[in-house]
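Student: I have a protein structure to study today. Can we work through it with questions?

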Amino acid sequence: MPTGNVLAKTGLVGCLVRAQPLCVRLRQDTFIDGSPARDWLQGLQPGMKGILVDQAEVYGQPMNVVLTYSQDGQVLIIASTSGSASRILSGYRKRFRVECLFRALKSKGFKLESTHMTLHDHVERLLCLLTLAYVWCVLVGVLQTCTMKVHGRRAWSVVTLGLRNLVRTFARIHERGEAEALQLIGLLKPSQTLNS
């Protein structure tokens, strides 16, 4: 079975052959201009926000690379074929939010691909409903308390916490009454969602 780097390399080359702009997160063992990314990170001095490398060789292709640490201390290495290195992070942040949505829709709770729907109108309506459900899960999840792991992140994602709470609340509505369910429904009011 091919390793992640082999898969990443073939995917990168495929995108480059089709002249598609590319923005990809790299692992620490990926070579940048002949040296592993982890070696580049050693040059990151305290107080520096990151290292920007224009036209570095990644998988044999010239790419702009940003090496930095996220707010929670995780290594973040992003390479792109388009845009300057300084614009890569802002574009990646936007893309990452969308990827979180699709990960939740596809595999982390909503199982969109398990529906096997193929009709465009049906898939479109389902995507709209699932996106609304995703937003509701986030709104409920951010209100939940959760244990923190050693690295400082939540033990469960906000989406998972929200989904669990919604399922429990509506499954036990006959035991607990409607008050809790109505409170969760109230989170979807425009006055609640615009301020979030």
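## Questions on the fold

Student: Among contacts between residues at least 6 apart in sequence, what share joins residues at least 24 apart?
Tutor: This is a predicted model, so keep that in mind throughout. Take the contacts in the protein between residues at least 6 apart in sequence. Those joining residues at least 24 apart make up 43%.

Student: In what pattern do the helices and strands follow along the sequence?
Tutor: The protein has 8 helices and 6 strands. Read them along the sequence and the pattern is α-β-β-β-α-β-β-β-α-α-α-α-α-α.

Student: What percentage of the residues is buried?
Tutor: The protein exposes about 13000 Å², and carbon and sulfur atoms supply 58% of that area. Now count by residue. Of the 196 residues in the protein, the buried ones make up 30%.

Student: Which element gives the most to the largest nonpolar core?
Tutor: The largest nonpolar core has 18 residues. Leu26, Ile32, Val58, Val65, Leu67 and Ile77 have the most contacts inside it. Helix H2 (37-41) and strands S4 (50-58), S5 (61-69) and S6 (75-80) each supply at least two residues of this core. The top contributor, with 4 residues, is S4.

Student: Which residues does Leu67 touch?
Tutor: Leave out residues up to four places away in sequence. Leu67 then touches Ile32, Ala37, Trp40, Leu41, Gly50, Ile51, Val53, Leu76 and Ile77.

Student: How far apart are the end C-alpha atoms of helix H5?
Tutor: Helix H5 covers residues 158-171, which is 14 residues. At 1.5 Å a residue, H5 should span 20 Å. The model agrees, because the end C-alpha atoms are apart by 20 Å.

Student: What arc do the buried residues of H5 cover?
Tutor: In H5, Val159, Leu161, Gly162, Asn165, Leu166 and Thr169 are buried. They lie on the same side of H5, because the arc they cover around the axis is only 165 degrees.

Student: Is Asp29 exposed, partly exposed or buried?
Tutor: Start with Arg27, which at 45% relative accessibility counts as partly exposed. Buried means under 20% and exposed means over 50%. Asp29 has 26% relative accessibility, so it counts as partly exposed.

Terms used
Residues are numbered from 1 along each chain as its sequence is written. This is a predicted model: local features need pLDDT of at least 70, side-chain atom pairs count only at pLDDT 80 or more; totals for chains, interfaces and linings use all residues. Side-chain values use heavy atoms; hydrogens and water are left out. Buried means under 20% relative accessible area, exposed over 50%, partly exposed in between (1.4 Å probe, protein chains only). Contact means heavy atoms within 4.5 Å. Accessible areas come from the Shrake-Rupley method with a 1.4 Å probe; for residues, only the protein chains shown count as cover. The expected span of a helix is 1.5 Å times one less than its number of residues. The arc is that of the directions from the helix axis to the C-beta atoms. A nonpolar core is a set of buried Ala, Val, Leu, Ile, Met, Phe, Trp, Tyr and Cys residues joined through side-chain atoms within 4.5 Å.
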